[in-house]
Amino acid sequence: MSGVLDPLRLKARAAKRLLVDGEVSAAELTKVYLDRIAAVEDRVHAYVLVTSDNAAKYSTKIDREMQAMRGPLAGLPLAVKDNMVTEGVTTTCASRILHSYAPVYTATAVRKLWDAHVVMLGKTNLDEFAMGSSTENSGVQVTGNPWDLATVPGGSSGGSAAAVAAGEALWALGSDTGGSIRQPAALCGIVGMKPTYGAVSRYGLIAFASSLDQIGPLTRSVYDCALLLRHIVGKDPNDATSVELPFEVELPEGDRLDGLTVGIPGEYLALGIEPGVRARFDETVALVEELGGRCVEISLPHTEYGLPAYYIIAPAEASANLARFDGVRYGHRAEGAEDLLEMYERTRGEGFGAEVKRRIMIGTYALSAGYYDAYYGRAQRVRTLVRRDFARAFEGVDLIVSPTSPTVAFRAGSRTDDPLAMYMSDLCTIPVNLAGLPALSIPCGLSDGLPVGFQLIGPAFSENRLLKAAHALEGALGFETAPTFRDSAASGDAAGAATSAATPDAATSVAAPAAAGGAPPAAPGEASS
Amino acid sequence: MITDDDVRYVARLARLRLGPGEAERMTGELAKILEHIDKMSELDTADVPPTAHVLDVVNVQRADKVRPSLTRDDALKNAPAVADDSFRVPRMG
């Protein structure tokens, strides 16, 4: 039966139907993904660890004990970002300092999915401790973007995004501190959502910046995103900042946006959005109007201060959170230190990579005596201004939209020598985390043969409104999430620009968009602007 | 302007041993990042209250009851060195 299943196109909603109808067994479905991983992982490098044996055994058990192990997610294979602790499965944060850490408990979000009999395929690559926008800061490996293996998948949840885009997972969990779910989803042509701060428990998510971090889904459709989200939300006694949602997450329906007012912040479009991204964005905005929505220009005047505030707040929190990695209780310890202080300093010097050290240094500096008010205190006040901008805007609009990333996937290595250039990747996503709002990215077409993400932002706890609008828009866009697997480095296509999608993998994906010209895949009713 | 000496001082606060040339390289990188961050000083924030946290929750409390916690074996399981059911560390300097 698995012969007809194309992991590049299969969505969780359809996979569930096949399982329920007995068209495919959980073991067969899991094998589709394990086979796909075996076939392409040596080019993509999305996983830090593939738990093949566990996945095969567990899926067989689900088939055998079908009566006891049922439920809406039973048997659906999932990839998990390797910064969520999983009992019995090594968790590394893609860091040398945690290279062989064996957790003694499981993150709440993962635990909920295990309890729902989801089959975990493995743990995915990330920028070390989720600090980065390209997954190149991983201490383990560099992940390739399945649309062009010479470009980055985005980050920090780049492994999860690449795994889903490459058909190496049906769906995945990621975490988002400044765009780490939405930006890689955008660069890999899939759906990614950051829920409202507090909607999903952070227990067992190895902390980067506690007031900003949030776990969320990376999926091949908005429907799948809602399906996964509804199973991970809820208050958790182990996370004091988690809250019970005042509603159930609905599975989205409908294809119209009638009555919806959508705000377009002029400040976001002034942020150096590249022309191809801007073109897809404008076309998608026109599509919003065709579907009955009303688009209005709005102002979020403190947008340009979001990035500076974030790069104080996130490193400050990180410098405190990462103090626990000291070679005493777990992880790497430097050999042969004469005394305790030397052991701490050498362990951390050897164990952390360059970007993590930079952030610890910025954070420690900003919190040190004499600088606290000028940096951390001021950043917290700017955070208030960013929140007020959104609050004021949402008095007049239901949702706010923007490009998710100012550019499409960039070449591996092109920003690694310039930390600030890398930070700019998250200009459009960072303010959302500062304000704790929910937002998601959906693919809205191609530019230079690479996917462009469209970001929808809502007020706190507007998940259902966001998902419903994104679902309607997704249907009208008709984007097919099947990447081309070209390698512009191997083909000498130095500019990373699209030339041809004529690779063996492209041939298997019937709707793989012809890349030349950057036109989005044709869809009925699409704006032609 | 951040100096090499500042970087070495902060590295000591952060318990980070920097390798040869690492402090000097970091001084340049941090200077550039901090220059961008200084953009915040364009704003007058004197009357703006700080946001530490976006939720309206304060002092979340639970019943003061004993609950099961990590076993000693689990707590020590990942330790690089153990002695007498404790974490073993080098002597204090």
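The tour starts with a few strands of chain A and ends where the chains meet. Keep in mind that this is a predicted model.

Start by selecting strand β4 of chain A, residues 171–176. All six of its six residues are buried, so β4(A) is largely enclosed by the rest of the structure. Look at both sides of it: A:Trp171, A:Leu173 and A:Ser175 are buried on one face, and A:Ala172, A:Gly174 and A:Asp176 are buried on the other.

To find the pairing on screen, pick A:Leu78, whose bridge partner in β4(A) is A:Trp171.

Now bring in strand β6 of chain A, residues 214–219, where six of six residues are buried. β6(A) pairs with β4(A) in the antiparallel sense, over five bridges.

What else pairs with β6(A)? Select strand β5 of chain A, residues 191–194: this pairing is antiparallel too, over two bridges. Here A:Gly192 has A:Leu218 as its bridge partner.

Last stop: the contact between the chains, with 54 residues from chain A and 44 from chain B. On the chain B side, select α1 (4–13) and α2 (22–37), each of which supplies at least two residues. α2(B) gives the most, with seven. Colour that side of chain B by residue type and you get 28 nonpolar, seven polar and nine charged residues.

Conventions:
Residues are numbered from 1 along each chain as its sequence is written. Chains are lettered from A and ligands numbered from 1 in the order in which they are written. This is a predicted model: local features need pLDDT of at least 70, side-chain atom pairs count only at pLDDT 80 or more; totals for chains, interfaces and linings use all residues. A residue is buried if 20 or more other C-beta atoms lie within 10 Å of its own, exposed if 12 or fewer, and partly exposed in between; C-beta atoms are placed from the backbone. Helices (H or I, at least four residues) and strands (E, at least two) are DSSP runs, numbered from the N terminus. Two strands pair if DSSP finds at least two bridges between them. Two residues are in contact if their C-beta atoms, placed from the backbone, lie within 7 Å. Ala, Val, Leu, Ile, Met, Phe, Trp, Tyr, Cys and Pro count as nonpolar, Asp, Glu, Lys and Arg as charged, and the others, Gly among them, as polar.
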